[in-house]
Amino acid sequence: MLSGPFGIGKVTHLLNEIYDTGQIPTDLSKSIFIALPKKPGATECELHRTISLMSHITKILLKIIMLRIRNKIKPEIAEEQCGFVEDIGTSNAIYIMRTLIESALEVQKDVYLCFIDYTKAFDRVPHDEIITQLKQLNIDGKDLRIIKTMYWEQTAAMRIENKTSTFQDIKRGVRQGCVLSPDLFSLYSEIIMRNLEITQELRLAGRT
């Protein structure tokens with residue numbers, strides 16, 4: 001792998017050319033998926049989680065794009081979202097929920113919880129929806145072009161042991177292992193919650 005001033009110069013030149021032209025080399029849009037068992041001895045597909053391996057150049061490019069667009073995505077994410085949020089974790093939400101339940105039990109009040117199971121959520125996000133939402137946030141045209149190209153032209157193969165399948169087009173889902181994926185998924189899930197059809201409003205501390 002290239003390192004030092006020479007390597008940095010070569011990588012910078014390559015990334016600038018990609019950014020200015022919007023043309024991404026085919027190898028950079030390819031991913032190889034590997035399956036990791038969720039527990040020892042797992043044999044069913046559902047008992048595995050997949051992650052993708054992508055080139056370091058791709059990761060650097062997407063990291064730069066992420067830093068450029070995050071300041072526009074972050075304000076759109078509601079305070080209630082704890083997943084993929086900097087300095088906040090789902091453990092915070094669990095603690096808050098537990099505190100509310102304990103307080104409700106003390107005063108003998110009912111607590112109603114709604115759990116939404118986003119089954120294979122990362123794999124089901126429509127690419128068109130992602131691009132539409134980013135356009136509405138006035139994401140820079142070159143940044144948007146890179147994301148669009150990465151998603152619409154991406155291909156992936158599956159590797160099991162030493163065998164790799166043929167590469168196939170990926171038509172939906174945020175990229176597994178991609179630094180952009182958490183932000184894009186948070187934005188998508190935020191839009192879902194905003195567009196829920198509420199049949200009866202519930203107000204808490206003056207907020208609907």
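1. Read along the sequence, the protein chain follows the pattern α-β-β-α-α-α-α-β-β-β-α, and its secondary structure comes to 6 helices and 5 strands. Helices (H or I, at least four residues) and strands (E, at least two) are DSSP runs, numbered from the N terminus. The C-alpha atoms fill a box of roughly 65 × 45 × 35 Å, taken along the principal axes.

2. This is a predicted model, in which local features need pLDDT of at least 70 and side-chain atom pairs count only at pLDDT 80 or more, while totals for chains, interfaces and linings use all residues. Residues are numbered from 1 along each chain as its sequence is written, and side-chain values use heavy atoms, with hydrogens and water left out.

3. On confidence, the protein chain averages a pLDDT (the predictor's confidence in each residue, from 0 to 100) of 85, and 97% of the residues score at least 70. Among the elements, strand β2 (residues 48-53) has the lowest mean pLDDT, at 79, whereas strand β4 (residues 163-164) has the highest, at 92.

4. Strand β1 (residues 30-37) pairs with strand β3 (residues 155-160) in the parallel sense over 5 bridges; two strands pair if DSSP finds at least two bridges between them. Along this pairing, F33 has M158 of β3 as its bridge partner, and I34 stands opposite R159 in β3. Strand β1 is also joined to β2, by 6 bridges, and these two strands run antiparallel, with T50 in β2 as the bridge partner of A35.

5. With strand β5 (residues 168-169), β3 pairs in the antiparallel sense over 2 bridges, and A156 stands opposite Q168 in β5. Another 2 bridges join β3 to β4, again with the strands running antiparallel, and here R159 stands opposite T164 in β4. In the hairpin of β3 and β4, which has 2 residues between the strands, E161 takes a positive phi near 55°.

6. Turning to the helices, α1 (residues 4-21) and α5 (residues 141-152) pack at an angle of about 100°, with their axes 8 Å apart. Axes are lines fitted to C-alpha atoms, for helices over the stretch in contact, and angles run from 0 to 180 degrees between N-to-C directions. Angles under 35 degrees count as roughly parallel, over 145 as roughly antiparallel, 65 to 115 as roughly perpendicular and the rest as oblique, and α1 and α5 are therefore roughly perpendicular to each other. In contact (heavy atoms within 4.5 Å), I18, Y19, D20 and T21 of α1 meet K142, D143, R145 and I146 of α5.

7. The residues that make the contact are M66, R70 and I73 of α2 together with D183, L184 and L187 of α6. By class, this contact has 4 nonpolar, no polar and 2 charged residues, where Ala, Val, Leu, Ile, Met, Phe, Trp, Tyr, Cys and Pro count as nonpolar, Asp, Glu, Lys and Arg as charged, and the others, Gly among them, as polar.
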